[in-house]
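Open the model in your viewer and keep the selection panel at hand. The stops below go from a helix to a sheet and then to a surface patch.

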Amino acid sequence: MSRFPSLPGSEYEEDDAKYNMICDKHKHLLETLPKGSGWRIQHLYNYSGFWLGPMTLKSNLLLHTYFKYEPTDIILASFMKSGTTWLKALMFSTLNRDHYSFSNHHLHNNSPQSTFPYLDAESYPMTDFTTFSAPRLFATHFARTLLPACMSSCKFVYVCRDPKDILVSKWHFMSKLRSKDLPPLSFDEAFELFCLGVSEFGPFWEHVLSYWRASLESPDKILFLRYEELMKQPEVVVRKLADFMGKPVTMEEEKKGVVGEIINLCSFENLRNLEVNKKGVEKFGKLVEVEKQQFFRKGEIGDWKNYLSEEMKDRIDGIIDEKFKGSDSFNRDLLKSGKQLSYSTKQFTHNMSMNKIGPTISHRLQVSMKGGHHNVNGTPTDFKNFSRSVKLFVDRMLHYSVTHLDKRNDPINVFVVKFDKEDNSASCSCMCFMRIGYLCRHVFCVYRVNNVDTIPSRYIAERWTKDLLPKRIFDISNGYGVDSTPRSLLRFEILDSVTECVDALRSDDDGLSFFATRIRELKDHIFRNIVSNFNSKKCNDDVIEDLLGITGNVEVSCSNPEGIRNKGTGKSRRIGSSFERSAEKPKKAPRLYRTCFKYVTDHDSRNCKKKNPDSNTST
Ligand code: PAP
């Protein structure tokens, strides 16, 4: 394993230290990761669920440490032998169509592989990509989950191909590159390895699904293309690519036939016959060299028929069906173009009509589901909306509007609850669970409607439950001002034990019912044998003695508490309580009566003696 020596204090010292750490990690991984048979070299290593060769594993570590992505980057992602060379040529010539004339094009003298770099072949020190102008193009065979998560803001073009053709193409390619020290790899062995998923950058299905799942998160960031679709309708795909890369084909260009020029330039026949692609080698990193002509073999759909028996075909198809079962809408449609509508597609249309979406929208959704909007003259926004709807469908999410009413039944607010019937998960637009960790009542409304009577375990906030915190926190001695008499301590101990048991058995129905039975038995026993004896012995006197600490035959007299003397007044007056004071009749404030011109509280103008001297005599 080559390490990178650096002079102490040099400006690269820190980087070199990082690189040496990567080397150590790489060495450790090679020693510890599960191994499988390689197609080109002896071993592949299973790293995070994907099979990689030792050098690609190292490139992956380097990528995570040194690659600085730009949000404008566009990445061509593919499983090996899915049409990367073709797509490289198409993407490069579509994006740079203003820079080169088609009669004297860059691709006439440079191979498609050299047009933009592979991220998987990077070695140390990594190429400086900062000089590339935006949008930068890169290619990778790494599954989406092996790329840095932050790259989710970049755009991805994912090209996929019938796995049976991939198997055949890859076997030919790898056989040519296979180390001379190893025995040749037979097609049967390659088939077996492919079916087991042991294949560079594989398993194939996990690779496809990694991008498919990412596309559900951000449908507008990943463009799915099929090799077969490209063969049948190249002009549609080129327009789609141009749109996606932010350089749509203009009317003027359409008139000039630019799309046709791009397709001809990148066609299999044209590229294969260019001198530049016939001779010489393509370098991948420092160690791998591939003859350029190896990238152009047959370029056909269905070459597998010449290699696979009926049984082999069924086995691969069965694996694909099985692996993509949970992703119905993706399913085989993405892999097989031009076939009859699959059962899942029909089911999809049916579901859409059940959801009161008419056949037109339903058809549009189908089209977008297959990765295109060309049949419906849709704009990119339409496409985005369709994809979103597809996502909703694919997610199997049911949407409920929960209306919040006031006392007069007027709506105050409407919340949208998304509910997944499969696993009873739900999310509400009020984000209550996200914010404070409790399910809101809107979700409970939906649960009630759907007869969900247990809260899914993921929503049970375990962080505050007693059994997860250190036991000593709940020790009675930590309580503030608690009664610590032996009897009280015993009572606490009993309650704690019961709570602990209930907490521990929280999600174990059998355990809970066992515990409930035992507790019931114990309770019956206590009430039958202990409490009844205890009660019969007790009389009023015992209770009084218990409460007041005196025997029942002592006379008990109670009197009101004595008043507190007012300091210094000498008067034996109790200070009234606030209640007594408020109950007292408030004294009237004296007022000046203009009739008698006195400050008085006992009369007013109606019964003033001065005004009415006889008032005393009147009744
Ligand atoms: P890679 O993964 O090594 O980069 P990749 O370019 O993805 O290889 O796939 C090579 C396949 O694409 C070959 O298929 P085959 O073995 O079945 O023939 C190759 O012939 C085919 N191919 C290359 N360029 C083109 C093209 N311009 N048009 C159609 N197919 C092409």
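Buried here means under 20% relative accessible area, exposed means over 50%, and partly exposed lies in between (1.4 Å probe, protein chains only). Helices (H or I, at least four residues) and strands (E, at least two) are DSSP runs, numbered from the N terminus. This is a predicted model, in which local features need pLDDT of at least 70, side-chain atom pairs count only at pLDDT 80 or more, and totals for chains, interfaces and linings use all residues. Residues are numbered from 1 along each chain as its sequence is written, and side-chain values use heavy atoms, with hydrogens and water left out.

Select residues 84–95, which make up helix 3. Of its 12 residues, 12 are buried, including Trp86, Lys88 and Phe92.

Next, show the open sheet of four parallel strands, ordered 5-4-6-7. Strand 5 (137–140) and strand 7 (222–226) are its edges, each pairing on one side only. Two strands pair if DSSP finds at least two bridges between them; strand 6 (155–160) and strand 7 have five. One to pick out joins Cys160 to Arg226 in strand 7.

Last, select Ile494, Val498, Val502, Ile519, Leu522, Ile526, Phe527 and Ile530, which make a nonpolar surface patch of about 670 Å². Helix 20 (486–504) and helix 21 (509–537) each give two or more residues to the patch, and helix 21 gives the most, with five. Patch residues have over 30% relative accessible area and no salt bridge, and nonpolar side chains (Val, Leu, Ile, Met, Phe, Trp, Tyr) are joined within 5 Å, like charges within 9 Å. A salt bridge is a side-chain nitrogen of Lys or Arg within 4 Å of a carboxyl oxygen of Asp or Glu. Accessible areas come from the Shrake-Rupley method with a 1.4 Å probe, and for residues only the protein chains shown count as cover. Finish on Ile519 in helix 21, which is partly exposed at 33% relative accessible area.

Key: Expected span 1.5 Å × (residues − 1).
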